[in-house]
Amino acid sequence: MIDRIAAGEVVERPASALKELIENALDAGAANIAVRLSGGGIGLIEVTDDGCGMSPEEMRLALERHATSKLPNDSIDQVTSFGFRGEALPSIASVSHLTLESRERGADGWRIDVDHGQAAGEGPAALPPGTRVRIEDLFGKVPARRKFLRSSRGEYAACLDAVKRLAIARSDVAFALEHDGRRVLSLQPSSPPQRVAALLAAELERHGVGIDCVRDGLHLTGVVSLPTFNRGMADQQYLFVNSRPVKDRLLVGALRAAYRDLIARDRHPIAALFLEVPLEDVDVNVHPAKTEVRFRDPAAARGLIAGGIRVALDAESHRSAAREQAAAPVVWTTSEDAQDLGEIRVPQPNFAEVPAFAGATSYSVREQRPLFNTVPAEPAARAEPAVEPVPSFPLGVARGQVAATYIVAEAEDGLVIVDQHAAHERLVLERLRAGRSGGSVPRQDLLIPEIVELDEPDCDRLVGAAADLCGLGLEMERFGPTTMLVRSVPAALGSPDLRKLLTDLAAEIAELGSALSLQERLDHVEATIACHGSVRAGRVLSVAEMNALLREMERTPRSGQCNHGRPTWVKLAHGDIEKLFGRR
Ligand SMILES: Nc1ncnc2c1ncn2[C@@H]1O[C@H](COP(=O)(O)OP(=O)(O)O)[C@@H](O)[C@H]1O
Ligand SMILES: [Mg+2]
């Protein structure tokens, strides 16, 4: 009964049993691990390794509760193995039919059968040196558990994830996985980056940023995706602490923080991150399934991840800005592609929201309207004659505006279209941020202070944040129970609709609560302010304004994407325009 209670914590589903078996094989020093599954692991889980093996005596002991060979000096804070609790084998054996076969080098093999906790015979076995564990009929006598299993498909997905996690953790070990007789994975020993690319996304080679940073005795390595190479689910984030795969809210939060305002809130980066921490600074004995850890100094771990990744992402955005002039691509270049490393760039519709006009080759004239009589009497877009030679600005020279929303510019190597609101919002945010890190945000005092009517709770919230907002250039004070008096606004804002700005800020402050650090709250608030201060879609711009915007974009880091991770500009190369007209 005690074993079955422990099994409730350790063996939740086939994938958790599989994880324990693979961990044991790794702890046994295996160089090759072969996994066979059927029916998503509900029918069969079999793990064969070429590790050190066990003597018959050790095998009997291994099936005893709390028997472990992995705590030398009885010191639980110096654990370097995956296992240390001695619970997995007896727990699994109590809820399945388990066959344990093992052979030490230079000895004969032995087999022990356990059926739902009852010894079911033992005897000699023929196998190469190493260990083979077979689990059948999992939860066969625990109907309550069995009911909670998903379809074999769902369980298989979880098993595959478990194998992937451990295969990424130990890229030096060969792994093979077979499901229902089909070979799914066959991984030779390789380097961590190769393993990550093989298992997560080959695209990370082009859309990934390598991480390698050290701080306070912590070492972080790995790869994360560019902000524009994102997913709708946070399912491709693999985190390891001292090679142990962990699911840790703190670390996931730190990853999120690194991407703040580079990516929409409902999009997620891909990441494989390896954190090396001195053994005494991390407690691994937090959870029976060993998927959580506790840090002695959580802030240091969080800071290294959030800070290290952010620095790497920023460095990448500078590099891309310098390289926009690369050889003419075959398709629409978007500012998001310009972030990557330089081969021919094909937008990845599966991962990021790419513009609808992703492929020039699929261009078609959809509407067959008469050509001339649809032209409105008043042109909606103004054109600048292309007489002067085009100076070599990466984003070109403004030629006009379309739908009062998009700037059309001519660059040396093609046609550039800019989303004026997305681009300007980014510029304002970067300006605010530069001002803040420089110690002062330029502010503009209002000649006549403006009175803004709001809800009383909103006023309370703004008063509570008044000091922080003042640091951002927004100075205000209480004027009455439901009124605020605004004295100055950040100069980057121009003349925003103050009532709307204050309402949104109050909502933002309410939503953020005190869960985030001051720094993080300021980041959010800044983004809200930036949105209010930027040129709306629909505003007609002069040619000088458009060119000023283009030049500022070229100067500003991270200007290739808006605060929500969408591209701010796209480019069609000359060669591609020629293709559209059948000239090539
Ligand atoms: N594949 C294996 N090869 C060699 N020894 C193993 C293997 N699997 C389990 N063992 C032995 O059985 C013991 C119990 O395993 P387990 O119940 O998973 O507990 P833990 O891994 O926490 O020690 C291990 O400590 C180890 O000595
Ligand atoms: Mg174990």
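## A look around the 584-residue chain

Buried residues account for 51% of the 584 residues in the protein chain, where buried means under 20% relative accessible area with a 1.4 Å probe, counting protein chains only. This is a predicted model, in which local features need pLDDT of at least 70, side-chain atom pairs count only at pLDDT 80 or more, and totals for chains, interfaces and linings use all residues. Residues are numbered from 1 along each chain as its sequence is written, and side-chain values use heavy atoms, with hydrogens and water left out.

On the overall side, the protein chain has 17 helices and 25 strands; these are DSSP runs numbered from the N terminus, with helices being H or I of at least four residues and strands being E of at least two. Its accessible surface comes to about 27200 Å² (Shrake-Rupley method, 1.4 Å probe), and 54% of that belongs to carbon and sulfur atoms. Take the contacts between residues at least 6 apart in sequence: 68% of them join residues at least 24 apart, a contact being heavy atoms within 4.5 Å.

Now for the sheets. Two strands pair if DSSP finds at least two bridges between them. An open sheet of 5 strands runs in the order S9-S10-S15-S12-S13, with mixed pairing. S9 (208-215) and S13 (244-246) sit at the edges with a single partner strand each, so one side of each has no neighbour in the sheet. From one strand to the next, the twist averages 20°. Helix H6 (residues 152-169) packs on this sheet, touching S12 (237-241), S13 and S15 (271-276), and its direction makes about 50° with that of S12. Axes here are lines fitted to C-alpha atoms, for helices over the stretch in contact, and angles run from 0 to 180 degrees between N-to-C directions.

Another open sheet has 3 strands in the order S22-S24-S23, and its pairing is antiparallel. Its edge strands are S22 (443-453) and S23 (475-480), each with a single partner, so one side of each is left without a neighbour in the sheet. The twist averages 20° from one strand to the next in this sheet. Helix H12 (residues 456-464) packs on it, touching S23 and S24, with its direction at about 140° to that of S23.

| Strands | Bridges | Partner residues |
|---|---|---|
| S9 and S10 (residues 218-225) | 8 bridges | Arginine 215 and leucine 218 |

The S19 hairpin deserves a word. In S19 (residues 397-402), 5 of the 6 residues are buried, so the strand is largely enclosed by the rest of the structure. The hairpin of S19 and S20 has 3 residues between the strands, and alanine 403 takes a positive phi near 55° there.

Finally, the second largest pocket holds about 690 Å³ of space. A pocket is an open set of points on a 1 Å grid over the protein atoms alone, where a 1.4 Å probe fits, with protein on both sides within 12 Å along at least five of seven lines; lining residues have an atom within 4 Å of a point. Of its 31 lining residues, Asn24, Met54, Ala62, Ser69 and Lys70 are the closest to its centre. The elements giving two or more residues to the lining are H2 (14-27), S2 (44-49), H3 (56-62), H4 (88-94) and S6 (130-136). H2 provides the largest share, 5 residues.

Conventions. Chains lettered and ligands numbered in written order. Buried < 20%, exposed > 50% of the residue type's maximum accessible area, 1.4 Å probe, protein only. Points joined across faces, edges and corners; volume = space filled by probe spheres on them.
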